[in-house]
Amino acid sequence: MWSTFVVQDEESRSTAVSGRGTETLAGMLGVRSGGGKRRTRASSPSLSDRQEGKVKLVFLVATLGITLAVLGVGTEFWVELASSKIFYNNETCLAAHYGLWKNCMKKLWVADVDPERETCGPIDLPGESNCSYFKIYTTGENTILFHKMPAKNLTVISAMLAIFSLFLMVMGAVCIIMALSKGVQFFLKPASVCFMLSGLLVFLSLIIFHQSVLSFLASDHSIPLHHELSWSVACMGCAAILLIVAGVLFLLLALPYSSWEKCLSHRNDGSL
């Protein structure tokens, strides 16, 4: 009888110990699983199919802006210069156009120019053209057009801002590609910052270039010139607008849905 009681006591103790071990193991697993849940919640939210479609649509707008910016930076039709038709002789007249890297002088026939037009041009008329790259980036020499010299410092600053804006565009495009490939929202915010900054830098580059044109015209008044900004500047302006709009839209897409839901719930509560 006494031995039977001892055996039962040992069995109850072993059952209690095993129960405690099971609870301890379950608690440890619970803590680990809870930590896993916390890590999952702390990770960046994934893009839904609807969000991914919106990101692709906005990225198309940004790609159009990047294309226009590359076209504007690479062409030399930023400003067109035209002298008077009768300044040199009655047969030919001179016109010119230049951009950030290259300038072209063109000799046009006066007979081809519109009789009602007082200046030589437009620049797309047939004639003898002579183009050359600016030497300010290689040897430091300045270029003389119509006995005038473009402002070297302002031209260099405008070109550097344009190049840096292109670098930001590339970085923004890489962020969007990473966001679409990985399916996360984390890369939308840096992409929006890159695109908005690149658009602002393009606007700043245009302003500085216009100041360099005004300084160029004021350097010598012996030859009166008529100037007008050309289609390359229009491409850069449209690119800046598209990039800023794309950056703002990417920033809105990067906002969490909870904020929108809170705003809508507050509006609904106020209406009630």
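Analyst: A disulfide is taken here as a pair of cysteine sulfur atoms within 2.5 Å. Counting the bonded cysteines along the chain, the disulfides of the protein chain follow the pattern 1-3, 2-4. The count under this rule is two disulfides.

The model is predicted, so local features need pLDDT of at least 70 and side-chain atom pairs count only at pLDDT 80 or more, while totals for chains, interfaces and linings use all residues. Residues are numbered from 1 along each chain as its sequence is written, and side-chain values use heavy atoms, with hydrogens and water left out.

The sheet comes before the bonds. Helices (H or I, at least four residues) and strands (E, at least two) are DSSP runs, numbered from the N terminus, and two strands pair if DSSP finds at least two bridges between them. Five strands make an open, antiparallel sheet in the order β4-β3-β2-β1-β5. Because β4 (127-133) and β5 (226-229) are at the edges with a single partner strand each, one side of each has no neighbour in the sheet. On average, neighbouring strands of this sheet are turned by 15° against each other, direction ignored; the axes are lines fitted to C-alpha atoms, for helices over the stretch in contact, and angles run from 0 to 180 degrees between N-to-C directions. Antiparallel strands β1 (residues 79-82) and β2 (residues 92-98) are joined by four bridges, and Ala 82 stands opposite Ala 95 in β2.

Cys 93 lies in strand β2 and Cys 120 in the loop between β3 (102-109) and β4, so the bond ties together parts 27 residues apart in sequence. Both Cys 93 and Cys 120 are buried, where buried means under 20% relative accessible area, exposed over 50%, and partly exposed in between (1.4 Å probe, protein chains only).

Cys 104 and Cys 131 form a disulfide as well, their sulfur atoms being 2.0 Å apart. This pair links distant parts of the chain, Cys 104 in strand β3 and Cys 131 in strand β4, 27 residues apart. The link is right-handed, with 110° about the S-S bond. Cys 104 is buried at 2% relative accessibility, whereas Cys 131 is partly exposed at 35%.

Cys 175 is in no disulfide; its nearest cysteine sulfur, in Cys 194, is 5.2 Å away, which is too far for a bond. Cys 175 is buried at 14% relative accessibility, and Cys 194 is buried at 13%.
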